[in-house]
Amino acid sequence: MKFAFIIHPTSLADVERYEPGAAGKGRPLIEKIMEWMPAYAAVHVTGVRTPDGRETEGWFVAANYMPEQMLALPRETVYAKILKAIEIGAELGAGIAGLGALTGAVGDAGVTLAARSPIAVTTGNSLTIAAGVKSLLRGAHEMEIDLAGATAVVIGATGSIGSACVELIAPHVAHVVLVARNMTRLRRLHETLAKRLACATSITTDVRAAVRRGDLVLTATTSAQEVIEPADLRVGAVVCELSLPHDVGRRVALERPDVLVTEGGNLRVPGMPRFERVREPGLPFDFGLPPGTALACMSETMVLALENRPEPFTLGRGIDLERVREIDELATRAGFELAGMRAFDKAIGPEQIAQIKAAAGLRRATAV
Ligand SMILES: NC(=O)c1ccc[n+]([C@@H]2O[C@H](COP(=O)([O-])OP(=O)(O)OC[C@H]3O[C@@H](n4cnc5c(N)ncnc54)[C@H](OP(=O)(O)O)[C@@H]3O)[C@@H](O)[C@H]2O)c1
């Protein structure tokens, strides 16, 4: 089965990477152009092939709005462009459509879009959750954090991705701090979760205070601005970033060499995947990841296509953890695996990890 995946730029850098002519045009003009711009097929994806010989191909279809527009424009306006993008995917032969970045978070997280779509729709959040938690734990392992005594902070804890991450992180740590802006929703979630989670839990709307407590931090918000202040991070902390647009700004890289930041949702795609621009065939589509790598939400869509399962696999908030386990297993069987660690457009290898650990050691020693 073929797939479609709906994309949009999550930063001005994304726009300029695709369209260098946009550089220096200014955000207001770019946003105005996006208001006029209809949905279009931007990328043809081929060469996805599992070890047991199954193949799929698909298209990334652009429903272009900047993150601020996704969140602020009338919901029906945003839905209309995303639906048009899904219809383009369907016309190209796709049996399933995945909702990228904020297209899967606006409104009711895909439920309305799925009801109106001619083909099956998934947000891709189940595989994002599985990959995000694995990345966070891998980072903690690299930084030699003693998980049994650690505090994890989940920012965006009431969200589709965040709430499931809380549940999956809880068995590994001593304490989870749930963070979001809306206290009523936080309290409601906490009432249901606190009873069944093995570790201690607490809630707060104060991101800065929470981050100061976190040995591990996972971010999954829909904020269009950075939410993490470098000065708040604990020495030697691990930050796993799932949010698109990012919650962790470059100031963290500059000011906190003792903290390991890693993008949590990147997977290596099996086969010889090629992401080619539709407008300029042969030219690769650069979405800021190394060749052969895709976001976990894209990967969920590809896995369902490979499995020939045109199902609304992940929709809405309140994710079924069984589905997270199932898609994780299917993805592993299809040859998808966690990509190497990466942040701020750079790979993080053993040398960088050693440098981060040395910087953390130095800071601890100086503090003493
Ligand atoms: N890497 C990947 O493969 C991948 C895949 C899918 C999605 N994503 C990204 O993951 C993020 C979360 O998606 P989702 O579907 O879980 O969204 P969601 O269900 O709308 O949840 C968003 C969460 O963020 C909180 N939030 C929003 N602004 C905040 C702020 N300024 N400070 C603190 N908390 C804030 C919200 O609660 P309050 O409103 O109460 O604050 C809510 O808890 C999005 O950025 C999306 O683009 C990444």
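1. Ala, Val, Leu, Ile, Met, Phe, Trp, Tyr, Cys and Pro count here as nonpolar, Asp, Glu, Lys and Arg as charged, and the others, Gly among them, as polar. On that basis, the shell around the ligand holds 14 nonpolar, 12 polar and 3 charged residues.

2. This is a predicted model, with local features needing pLDDT of at least 70 and side-chain atom pairs pLDDT 80 or more, while totals for chains, interfaces and linings use all residues. Residues are numbered from 1 along each chain as its sequence is written, and side-chain values use heavy atoms, without hydrogens and water.

3. There are 29 residues around the ligand (a heavy atom within 4 Å). T158, R181, T221, L244 and R317 come nearest.

4. Now the polar contacts (pairs of N or O atoms within 3.5 Å). T158 places a polar side-chain atom 2.6 Å from a ligand oxygen atom. R317 also has a polar side-chain atom 2.6 Å from an oxygen atom of the ligand. G159 uses a backbone N or O atom, at 3.0 Å from a ligand oxygen. On its own the ligand has 930 Å² of accessible area (Shrake-Rupley, 1.4 Å probe), and the protein covers 93% of it.

5. Where does the ligand lie? It lies between domain 1 (2-126 + 266-338) and domain 2 (129-265 + 341-367), because both give residues to its shell. The bounds come from an automatic or database domain assignment.

6. A105 sits in the loop between β4 (94-99) and α5 (111-116); helices (H or I, at least four residues) and strands (E, at least two) are DSSP runs, numbered from the N terminus. A105 touches T222 and R317 (heavy atoms within 4.5 Å), leaving aside residues up to four places away in sequence.

Conventions: Polar contact = N/O pair within 3.5 Å; in protein donor to acceptor, adjacent residues only side chain to side chain.
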